[in-house]
Amino acid sequence: MSGGKTSKTARSSKGDKGAAEEMWDLRLYTAGQTPKSMAAIRNLKRICEEHLPGRYNIEVIDLMANPRLAKDDQIVAIPTLVRKLPDPLRKIVGDLSDEHRTLVGLQLRRHPQEERT
Amino acid sequence: MDRGSHSHLKGASLEKAPTGIAGLDEITGGGLPRGRPTLICGSAGCGKTLFGMEFLVRGATEFDEPGVFMAFEETAEELGQNVRSLGFDLEKLIAKNKIAVDYVHIERSQIEETGDFDLEGLFVRLNMAIDAVGAKRVVLDTIETLFGGFSNTLILRSELRRLFRWLKDKGVTAIITGERGDGGLTRQGIEEYVSDCVILLDHRVNEQLSTRRLRVVKYRGTTHGTNEYPFLIDENGISVLPVTSIGLNHPASAERISSGVSGLDAMLGGEGFYRGSSILVSGTAGTGKTSLCAHFAHATCSRGKRCLYLAFEESPAQLARNMRSIGIDFEPWLKKGLLRIEASRPSLHGLEMHLARVHKQVAEFAPDVVIVDPISNLVAAGTEVDAQAMLLRLIDFLKGRGITAMFVNLTAGGNAWERTDVGVSSLIDTWILLRDIELGGERNRGLYVLKSRGMKHSNQIREFLITRQGIQLQEVYVGPEGVLTGSMRAAQEAREQAADDERRQQAERKQRELAIRRAALEAQIKALQAEFTATEEEAKLSLAQSAARDQALQDERKRAAERRGGAGTTSTPRQTTKGRRK
């Protein structure tokens with residue numbers, strides 16, 4: 001896995017560099033103060049601090065307070081993390097407890113299957 | 001829609017929300033369970049979405065129950081376009097806040113799953129939509145799309161359960177559509193258990209003919225029809241045909257209606273058919289079945305009643321032309337709107353579709369008489385069993401509405417006369433059999449009434465002639481020479497006529513002879529009488545003469561005595577005479 005990673009470092013680091021130049025606009029949809037939502041917020045903050053220090057912006061939207069946004073942003077599952085920026089739009093569903101999958105979802109780390117190809 | 005007749009089903013059962021879908025409310029005894037979820041399942045293209053949409057639109061327009069349509073597969077625009085062909089103006093209903101459509105788009109490729117989640121977002125959206133229009137009805141179409149969007153089926157399954165529970169708590173009458181699974185009713189195998197009512201839609205193709213069918217698989221807390229009911233989707237939405245649910249409780253009319261052929265009426269107790277009865281006309285090719293139907297149609301229209309003529313063999317124009325040749329003009333009836341000829345190829349639709357079309361036309365046109373010409377062709381649109389079932393339902397349906405129905409059955413040459421291809425004879429009230437009578441190198445048409453329930457009817461064969469003035473029934477010759485028809489009958493009749501004439505002439509001759517003899521005798525009597533009178537008068541004359549002579553003699557004696565003088569002397573000669581006499 002590490003070998004594969006190094007072989008594609010050039011592109012991957014370029015991507016990272018590109019990402020490094022812009023702000024990450026993240027939106028986390030929750031519905032009330034549920035344990036899942038609280039866990040998601042905690043996990044997201046931790047991951048961002050670790051991988052995107054200083055260049056992220058998290059907006060937590062409580063659908064209980066703003067139900068209209070659920071329709072506008074096509075939210076079905078809770079919690080859902082939406083990467084508004086950089087493009088393209090990505091959605092990560094769940095409490096973000098699996099850091100690896102979260103990073104893959106945010107395209108901060110390549111999908112294991114993609115790496116093999 | 002006639003829910004009154006199903007009050008026995010309603011009874012103590014739970015409250016129901018009428019769907020407004022034609023026929024469905026009859027099967028379910030009033031509609032879907034109010035405030036509970038109903039699962040509509042079926043394979044692709046069976047009409048689930050339309051079912052749901054019609055439920056909402058009818059609810060909003062007919063029952064003042066706004067609704068929410070949560071679409072997982074189509075956008076609001078697409079839905080609007082799709083249902084416009086059914087005559088539903090979805091955009092208008094949305095604008096009037098009667099219906100809310102929420103398109104839930106789940107793009108698998110955009111979604112990554114990490115850890116625990118739930119579908120609260122869906123609940124929030126549903127809740128918002130319900131509150132926005134004050135919805136009483138909800139449709140979720142198709143819930144399984146969720147399983148395509150998320151990989152954690154464990155969560156989805158529990159969330160689905162929660163959704164059903166939530167819908168119940170919310171008190172909305174809900175329809176959840178689901179794809180038919182391989183083994184069970186649904187792919188996930190949970191929806192059917194958590195729904196209070198499950199309706200299965202089916203679209204099957206049998207011998208290249210498609211039929212849509214609907215079946216109520218389960219309905220908690222109520223009795224329901226469990227058969228498969230055919231349904232169709234057309235420009236008026238869905239119509240389900242709950243024909244088999246109709247019991248044998250149709251009223252029987254004592255009113256009689258003319259068959260249009262006076263000779264036939266005479267055979268049927270002199271009055272014709274019973275109103276609302278089923279009449280079967282069967283016979284081989286070219287025996288005049290259609291002509292008989294045309295007469296009936298003509299007679300119906302002449303009474304000012306409407307007649308629906310379903311032609312499966314001839315086009316309306318052809319039928320009208322052919323019937324003109326026997327003196328029946330359909331044109332004025334068609335113009336007046338009393339006659340409607342519906343021609344279609346039997347193989348155009350499946351049987352159920354045919355049945356459905358008949359239902360629709362009967363509902364629209366409200367005819368007094370329906371003629372189906374012929375039913376034997378319907379076998380081509382399905383199997384014999386199907387055709388029989390369809391006809392049974394058709395007969396029941398028409399009877400239930402008090403419509404007099406005439407069915408034509410073409411008997412194949414080799415088959416027994418008294419056998420119908422489609423085995424409906426036992427359902428028929430009056431059965432008229434037309435047959436060829438081959439005799440003396442001629443084929444003539446014979447008609448007889450095989451049976452006619454509830455009336456005295458003729459047991460005789462009539463020869464029937466198709467003339468320019470229509471059908472005429474002729475008594476056939478039944479005599480020592482056997483049954484004769486056609487020119488043999490005519491020849492026999494001529495022979496009998498000649499014999500009759502001969503007899504009459506003989507009688508006349510005898511009468512004449514008698515008259516002459518009487519005249520002669522009378523003359524003789526007169527002569528004798530005259531003779532007698534003459535004799536009598538002669539006798540009287542001679543008597544008078546002798547009396548006169550006596551008088552004269554007496555006078556003479558008197559005078560002589562007077563001449564001799566004295567009274568004594570006068571007596572003397574007398575005494576002398578007296579003495580002489582003694």
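**A residue in a strand, and what lies around it**

Guide: Ser278(B) is found in strand β15 of chain B, which covers residues 278-283. The model is a predicted one, and what follows is to be read as a description of that prediction. Is Ser278(B) buried or exposed? Ser278(B) is buried, because 25 other C-beta atoms lie within 10 Å, where 20 or more are needed to count as buried.

Which residues surround it can be listed directly. Once neighbours within four places in sequence are set aside, Ser278(B) is in contact with Ile395(B), Lys399(B), Ala405(B), Phe407(B), Leu427(B), Ile428(B) and Asp429(B).

Gly269(B) sits in the loop that runs between α10 (262-267) and β14 (273-274) of chain B. Gly269(B) counts as partly exposed because it has 15 C-beta neighbours inside 10 Å. Leaving out residues up to four places away in sequence, Gly269(B) touches Met455(B), Lys456(B) and His457(B). Of that group, His457(B) is 188 residues from Gly269(B) along the chain, and the two C-alpha atoms are separated by 5.2 Å.

His349(B) also has its place in a loop, the one between β17 (339-343) and α14 (351-365) of chain B. With 19 C-beta neighbours inside 10 Å, His349(B) counts as partly exposed. From His349(B) to Leu378(B) the sequence separation is 29 residues, and the C-alpha to C-alpha distance is 9.9 Å.

Now the chain as a whole. Chain B has 582 residues, of which 43% count as buried, and its secondary structure comprises 17 helices and 25 strands. Of its contacts with a separation of 6 or more, 70% are between residues 24 or more positions apart.

The largest nonpolar core holds 153 residues, and Phe69(B), Val138(B), Val240(B) and Ile371(B) have the most contacts inside it. Domain 1 (4-245) and domain 2 (256-475) of chain B each contribute at least three residues to this core. Val138(B) shows what such a position looks like: beyond four places in sequence, it is in contact with Gly67(B), Val68(B), Leu126(B), Ile130(B), Leu167(B), Val172(B) and Ala174(B).

Next comes the partner chain. Chain A has 117 residues, and 27% of them are buried. It contains six helices and four strands, arranged along the sequence as α-α-β-α-β-α-β-β-α-α. Among its contacts at a separation of at least 6, those joining residues at least 24 apart make up 64%.

The strand pairing within chain A can be followed step by step. β1 (residues 24-30) pairs with β3 (residues 80-85) in the antiparallel sense over five bridges, and Leu26(A) stands opposite Arg83(A) in that arrangement. β3(A) is also joined to β4(A), antiparallel, by four bridges, with Leu81(A) opposite Ile92(A). Four residues lie between β3(A) and β4(A), and the two strands form a hairpin.

Last, a note on confidence. The mean pLDDT of chain A is 76, with 74% of its residues at 70 or more. Over residues 1-19 of chain A, pLDDT stays under 50, and the model has five contacts beyond four places in sequence for that stretch. Where pLDDT is low, predicted coordinates should not be read in detail.

Note on methods. Residues numbered from 1 in each chain as written. Chains lettered and ligands numbered in written order. Predicted model: local features only at pLDDT ≥ 70, side-chain atom pairs only at ≥ 80, totals over all residues. Core = buried A, V, L, I, M, F, W, Y, C linked by C-beta atoms within 7 Å. Buried ≥ 20, exposed ≤ 12 C-beta atoms within 10 Å, placed from the backbone. Domains from an automatic or database assignment. Contact = placed C-beta atoms within 7 Å. pLDDT = per-residue confidence, 0-100. Pairing = 2+ DSSP bridges.
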